[in-house]
Amino acid sequence: MTPSTNPVALSAPNWPRDAWWVAATTAEVGGAPLQRWLLERPVVLYRGASGQVVALDDRCPHRWAPLSLGAVHGDDIACAYHGFRFGPDGRCTRVPTQAAVPGVARVTSYPVVEAGPFVWVWTGDPALAAAALPPPKLGWAVDPSRVTAAGAMTVACNYLALKENVLDLSHFAFVHANTLAVTDWDRPPTVEKTADEVTYHQHYAAAPLPAHYGIPTGIGTERPVDRHAWGSYVGPGLQTAGVDIRDGENAFALRICHATTPIDAGTCLYWWVFSQDYGHGEGAVVALTARITAAFLEDKAILEATEAMVRRDARGRDYIDLSVACDHAGIEARRRVARLVAAEAPASRAA
Ligand code: FES
Ligand SMILES: [Fe+2]
């Protein structure tokens with residue numbers, strides 16, 4: 001094995017099942033069934049007549065047709081193949097050709113929570129969901145007084161590569177040189193660890209702002225102000241981040257979240273929200289959405305090129321795995337994910 005300076009090697013699958021994962025935005029889930037692959041399993045999502053979002057295994061127990069091809073009736077879903085119906089708890093409620101419904105006729109029903117902009121699904125042992133920390137509400141992401149851009153994409157890389165990308169912003173000056181053009185991430189941030197979170201902090205005292213912050217705040221790019229950039233691992237499925245700028249009496253707050261959900265070992269779903277309490281004005285959301293989308297497509301391009309290269313190279317992951325000081329937060333996130341996976345009961349992985 002090639003020597004490594006990365007202390008955390010992760011073997012696949014490198015995700016815990018006992019966790020809340022974003023499966024969709026709240027706006028995406030309606031009365032038409034929606035298929036999502038989450039952690040290598042098909043899940044069907046729909047909003048029943050009661051308004052509650054339901055998440056079921058997207059595989060009918062009778063001949064295995066995708067339930068997402070079916071239709072919603074009240075709070076139930078009917079399979080498109082032979083019409084069996086299933087309720088929100090996963091139990092079969094109707095077999096069209098006979099009065100008796102076999103007791104074993106059921107699919108897994110996943111716990112669901114709607115919080116802020118997202119629909120979260122608990123993919124492991126349902127009995128453990130209630131005791132787990134609930135998904136964060138991210139109230140700022142749905143606050144209409146802010147200037148908020150949001151988007152989603154599928155990225156052909158392992159979800160942890162995307163997590164590490166957003167926990168190490170030393171790539172900004174290179175990957176985002178022409179979009180965000182924040183080029184002063186020129187030293188490792190400090191890293192703070194608590195029981196639940198890992199957070200990097202980068203402080204700029206009395207420094208001019210890059211245009212990305214200086215123009216929408218109205219401060220400009222000349223006047224020295226205080227800036228605090230931070231970003232947190234808050235769980236396997238979510239990172240949050242922010243930039244707080246202080247200009248005398250005036251404070252400006254940028255908030256960001258990155259939700260990453262594995263589809264499989266080499267592909268993930270990515271949702272982001274980027275929200276400013278400044279920069280209001282005609283066309284502000286459209287312009288912000290275009291700029292951030294362009295920037296995050298740059299991350300997608302470098303991550304996908306890397307993943308494709310590792311897959312094609314016969315040496316695979318047996319290659320020097322170099323880490324430096326800027327990787328501190330990303331490595332600590334890997335460490336926490338590895339611990340969650342190792343601690344998981346086999347029942348949860350089979351659930
Ligand atoms: S496959 Fe679903 S009812 Fe037959
Ligand atoms: Fe990036």
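Domain 1 covers 20-128 and domain 2 covers 139-349, with bounds that come from an automatic or database domain assignment. Their contact takes 15 residues from domain 1 and 14 residues from domain 2, where two residues are in contact if their C-beta atoms, placed from the backbone, lie within 7 Å.

On the side of domain 1 that touches domain 2, β1 and β2 (34-38) each supply at least two residues. The largest share, 5 residues, comes from β1. Sorted by class, this side of domain 1 has 10 nonpolar, 3 polar and 2 charged residues. Here Ala, Val, Leu, Ile, Met, Phe, Trp, Tyr, Cys and Pro count as nonpolar, Asp, Glu, Lys and Arg as charged, and the others, Gly among them, as polar.

A word on conventions: residues are numbered from 1 along each chain as its sequence is written, while chains are lettered from A and ligands numbered from 1 in the order in which they are written. Because the model is predicted, local features need pLDDT of at least 70 and side-chain atom pairs count only at pLDDT 80 or more, whereas totals for chains, interfaces and linings use all residues.

## A three-stranded sheet

Strand β1 also belongs to an open sheet of 3 strands, in the order β1-β11-β10, with antiparallel pairing. Strands (E, at least two residues) and helices (H or I, at least four) are DSSP runs, numbered from the N terminus. β1 (20-25) and β10 (112-115) stand at the edges with a single partner strand each, so one side of each is left without a neighbour in the sheet. From one strand to the next, the twist averages 30°.

Between β10 and β11 (residues 118-122), the antiparallel pairing runs over 4 bridges; two strands pair if DSSP finds at least two bridges between them. In β11, Trp120 is the bridge partner of Val113.

Turning to the helices, α1 (residues 159-167) is mostly covered, with 9 of its 9 residues buried. A residue is buried if 20 or more other C-beta atoms lie within 10 Å of its own, exposed if 12 or fewer, and partly exposed in between, with C-beta atoms placed from the backbone. The buried residues of α1 include Tyr159, Lys163 and Glu164.

The axes of α1 and α5 (residues 328-343) come within 8 Å and cross at roughly 145°. Such axes are lines fitted to C-alpha atoms, for helices over the stretch in contact, and angles run from 0 to 180 degrees between N-to-C directions. From α1, the contact uses Leu160, Lys163, Glu164 and Leu167, and from α5 it uses Ala329, Gly330, Ala333, Arg334 and Val337. By class, that makes 5 nonpolar, 1 polar and 3 charged residues.

## Loop residues to look at

Most residues other than glycine have a negative phi. Glu40, however, has a positive phi of about 70° and sits in the loop between β2 and β3 (41-47). Ala181 has a positive phi too, near 50°, and is found in the loop between α2 (172-175) and β13 (190-193). Glu40 is partly exposed because 14 other C-beta atoms lie within 10 Å; for Ala181, also partly exposed, the count is 13.

Pro224 lies in the loop between α3 (211-217) and β15 (225-235). Leaving aside neighbours within four places in sequence, Pro224 is in contact with Ala206, Ala207 and Pro208. Pro224 and Asp247 are 23 residues apart in sequence and 8.4 Å apart in space, C-alpha to C-alpha.
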